Amino acid sequence: MTKFLYNDFSTFLRQHFNCKVQNISINAGFTCPNRDGTKGLGGCTYCNNQTFNPEYCKTEKTVREQLEEGRVFFSRKYPEMKYLAYFQAYTNTYDELEELKRKYEQALEVEDVVGIVIGTRPDCMPDELLNYLQELSKKVFLLVEYGIESTDDVTLQRINRGHTYADTIDAVNRTVERDIYVGGHIILGLPGESHEQIMKQATQLSRLPLTTLKLHQLQLIRGTKMAKEYMMNPELFHLYEVDEYIDLVIDYVERLRPDIILERFVSQSPKELLIAPDWGLKNYEFTERVKKRMQERGAYQGKMYVD
């Protein structure tokens, strides 16, 4: 029997589906209150949405068309695969309720789509929408993924995030109250955050009723405000070497609540956009190195968790 290291997302999905399930990313044409002037302009300092949009994610295509193209792409290798429609680009709850419903339901009409994942901000989840999602979650698999990024308000302000950690606490709690699965997205290595602060963050997040968590390393992306800051003042940034980041991840995971599902540890941006760090590893290769290092250290999720 394999020794428990951490709760992985594939095991979580197997508990819900008796087949392979794959996310298909969608760019549904939403914007963001941190770009259109409602909360701010220019967006978060690290953000360039081109880094995670596959080729088929084009706003001139409908939700249905994007899903169909993604389905064709993946089904060549896995003909029995089922899919989760992943509303990923920008803020996917930032529109009128009827328009949101139309797009979500269009996704669920596509063959082999068995659920949806909605990426959004914690300050963009009105109760009216949550009430609708509560009813939808009774019929299909549904996960709401909040971009938390940091639990430190100083950091959130520095990266022009446009919301506070209190907004995250409120949104997560209101979502869980409706029996909806809730995910969180965190960036490790944001400027100004020490190892001690990052470990404190793991403890803080463990107090939230999160179902899943994504950890991503800070990446400097061409065309972003943060990239310009780095070029002017590189001494303000700590860009982790791969083995150093692996140990950081393990330190973090050891402090997390043992039942949180860990979806991923790293993000992989296109080479032509990535400034640093460039480790030359695929996501699965990085994950295998994390597992090996955890075994060497005798580490496991929740080892240092304090309730």
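**The crossing of H7 and H9**

A: Helix H7 and helix H9 pass one another in a right-handed crossing, that is, with the near helix turned clockwise from the far one by less than a right angle; helices here are DSSP runs of H or I with at least four residues, numbered from the N terminus. The model is predicted, so local features need pLDDT of at least 70 and side-chain atom pairs pLDDT 80 or more, whereas totals for chains, interfaces and linings use all residues. Residues are numbered from 1 along each chain as its sequence is written, and side-chain values use heavy atoms, without hydrogens and water.

The axes of H7 (residues 195-206) and H9 (residues 242-255) come within 8 Å and cross at roughly 35°, the axes being lines fitted to C-alpha atoms over the stretch in contact, with angles from 0 to 180 degrees between N-to-C directions. On the H7 side, His-195, Ile-198, Met-199, Gln-201, Ala-202, Leu-205 and Ser-206 meet Leu-248, Asp-251, Tyr-252 and Arg-255 of H9, where contact means heavy atoms within 4.5 Å. These residues divide into six nonpolar, three polar and two charged, with Ala, Val, Leu, Ile, Met, Phe, Trp, Tyr, Cys and Pro counted as nonpolar, Asp, Glu, Lys and Arg as charged, and the others, Gly among them, as polar.

Leu-213 touches both Leu-205 and Tyr-252, among other residues.

Key: Helices (H or I, at least four residues) and strands (E, at least two) are DSSP runs, numbered from the N terminus. Lists of a residue's contacts leave out its neighbours within four places in sequence.
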